Amino acid sequence: MPDFRAYIREHLPPLGASGAKEAEVIEELALDFEERYKSALRGGLDPGEAWRKIQSQTEWPQLARDFTAMLASAEPDPPKRLLPVLNFWNDVRYAARTLRNNPGFTAVAVFTLALCLGANLTIFAVVDSILLRPLPFPHADRLVSAFHSYPKIGTPHSTASLPNYYDYREKIKAFASTAIITENSEHAIVGAAGSPSSVERDRVSPEFFSTLGVKLLMGRSFTDQEMVYSRSGVAILTYPFWRAYFDLDPNVIGRTFQMDGSTTTVVGVLPPDFRFLSRRTQFYIPAASDPAERAIDQRHNNTHILIARLAPDATISTARAQIAALDAAQIKDDPFAENLKAMGFVSMVSGLQEDHVAAIKPTLLLLEGGVLCCF
Amino acid sequence: MLPIDNARKNGSAELLILAQLETRPRHGYEIASEIERRSGGAVSFQPASLYPVLYRMEREGWIAGRWVEKAGQHRRRYYRLTGSGRKQLAAQRSSWSAFLAGLRQTAGLQDA
C-alpha cells in the first residue's frame with residue numbers, strides 16, 4: 001500500500017497552521033486517501049490504477065488554498081502574548097498523541113529518559129556529596145592539609161612525614177591542633193584463632209579526632225606515651241566494628257581483641273556517623289614510631305597525611321608563611337638539601353576538602369557534563 | 001448521469017453534509033461515500049472539496065470533530081451535528097425546498 005502520509009506531506013503546500021494542526025490535516029487526508037484506494041481496489045482496479053486514480057483526483061492547489069483560508073479564519077486570533085503558549089500547548093498535544101500511537105518508540109524514549117535522569121541524579125548525588133557539601137566536621141572550613149611538593153620532578157602533591165608532624169605541632173602557631181593519619185589504610189587480621197578476618201585499619205596521632213572536632217562516644221583518645229611501639233597495643237573502634245565484634249557492649253573499654261597475633265586493648269569508641277573522607281577504616285591504632293623514624297633524614301619520608309585546624313586568627317596564608325620559614329631554617333641542616341632544591345621542594349597548605357577532592361573534581365565535573373548532555 | 005460539478009455543488013455542500021450527520025456521527029470519507037451512494041453517484045466529494053468545508057462548518061459551530069480510536073482500527077476524526085447544526089439543517093432544508101419549488105416552476109424542471 002502506498003505511503004499516503006508521505007505522499008501528502010510531499011505535495012501539500014504549507015498551510016500556515018501550527019505544526020500540530022497541519023499534522024492533523026495530513027492524518028485525516030491520509031485516512032481518506034487510504035479508504036478511497038481500498039474502495040478502488042474493491043471496484044476491480046489493480047493497485048497501480050487505483051493509486052493513479054487517487055492522485056488524479058486530488059487538486060492540490062485548490063486543496064491548499066481552501067485549507068489555508070479555513071485554518072486562517074478557524075478561530076479568532078488569540079492575544080499575541082499567548083501565541084507562544086498556545087503553540088507550545090498544541091505541540092505538547094501532538095507529541096502526546098504521537099507517543100500514544102507509537103508504543104515502541106514511546107517505550108524506547110521513556111527508557112532513554114529514565115536512564116539519563118537516573119545517571120544524572122546519581123552523578124549529581126556524588127557531586128553534591130563530594131564537591132558541594134562541606135566535610136561532616138564542625139567548622140570544616142578551618143581544617144587544612146599540609147603536604148610536600150616537588151614540582152621539578154613531576155610530584156606537585158606528595159604527603160607529609162612523621163618529623164613534620166612533631167615539628168608542626170610544636171612550632172607552627174597558625175595551627176591550633178595538628179594530627180596525622182597514615183597515607184593508606186592497612187589490612188589487619190583480627191579475631192580469635194580459627195575465625196580470623198581481614199579489616200581495614202589506620203594509624204593516627206592522639207589529636208586526630210579532636211582536630212577534626214569529633215567527640216568519642218566513650219573512652220579516650222590515644223596518648224603521647226602510646227606513640228611508641230612498645231605501648232601502642234590499644235585501639236579506638238568505629239561504631240560498625242564495635243557492633244560487629246563486641247555486640248555494642250557498653251563495657252567494651254578495657255576489653256581486648258586479637259590483631260595480627262597481638263592482644264589489643266580497646267580504649268575508645270567512635271560515634272556512629274564518623275567517617276574520615278572516603279576511608280573504610282574499622283578501627284584506629286596509634287601512629288607509633290621509634291626515634292630513628294622521627295630523625296632529620298626522615299623529613300621527606302612522606303608516608304602520612306597531615307591535617308590541622310587553623311588557630312582562631314590564622315589563615316592558610318599565615319600557616320604557609322610559618323611553614324616556609326620553618327623549611328628555610330631546617331634545610332640548612334638537611335642531609336638532602338641539594339636534592340630538595342633541585343626538586344623545587346616547597347611545603348603547601350590547602351583546605352582539607354579542597355585537597356581531598358582535587359584529584360577527583362575534574363572527573364566528576366566531566367561526568368556531570370556528560371550526563372547533562374543526555375538532555 | 002454526469003457528476004455534478006463543483007460550481008453547482010458548492011452552494012449545497014453544507015446541506016448535504018449536515019444531512020449525513022443527522023442520524024449519527026461519521027468520519028470524512030464516510031460522509032463523502034454516503035453522499036455519493038444516496039445520490040446514485042450524481043454527487044461526489046473529493047478530499048480537496050470535502051475537508052475545507054468540514055473545517056469551515058466546524059468553525060461555524062454546526063458540527064464538532066473529535067478523534068476516536070476503536071480497537072483494531074485507525075483512529076479517525078468523527079464529526080457530529082451540534083445543536084446549532086441541527087437548526088442550520090432545518091433552516092437550509094426549508095430554504096432549499098422553497099428555492100427548488102420556485103426553480104421547478106420557473107425553469108420547468110421535472111422531478112428526477
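## Salt-bridge exercises

At 22% relative accessibility, A:Arg203 counts as partly exposed (buried is under 20% relative accessible area, exposed over 50%, partly exposed in between, with a 1.4 Å probe and protein chains only). This is a predicted model, in which local features need pLDDT of at least 70 and side-chain atom pairs count only at pLDDT 80 or more, while totals for chains, interfaces and linings use all residues. Residues are numbered from 1 along each chain as written, chains are lettered from A and ligands numbered from 1 in the order written, and side-chain values use heavy atoms, without hydrogens and water.

**Exercise 1.** Find which strands the salt bridge between A:Glu186 and A:Arg203 ties together.

*Solution.*
- Step 1: The two side chains meet at 2.8 Å, N to O; a salt bridge is a side-chain nitrogen of Lys or Arg within 4 Å of a carboxyl oxygen of Asp or Glu.
- Step 2: A:Glu186 lies in strand β3 and A:Arg203 in strand β4 of chain A, so the pair links parts 17 residues apart in sequence (strands are DSSP runs of E, at least two residues, numbered from the N terminus).

**Exercise 2.** Decide whether each partner of the A:Arg220 and A:Glu226 salt bridge is buried or partly exposed.

*Solution.*
- Step 1: These side chains meet at 2.7 Å, N to O.
- Step 2: A:Arg220 has a relative accessible area of 35%, so this residue is partly exposed.
- Step 3: A:Glu226, at 8%, is buried.
- Step 4: Elsewhere, salt bridges with shared partners join A:Glu186, A:Arg201, A:Arg203 and A:Asp260 into one network.

Note on methods: Helix = DSSP H or I, 4+ residues; strand = E, 2+ residues; numbered from the N terminus.
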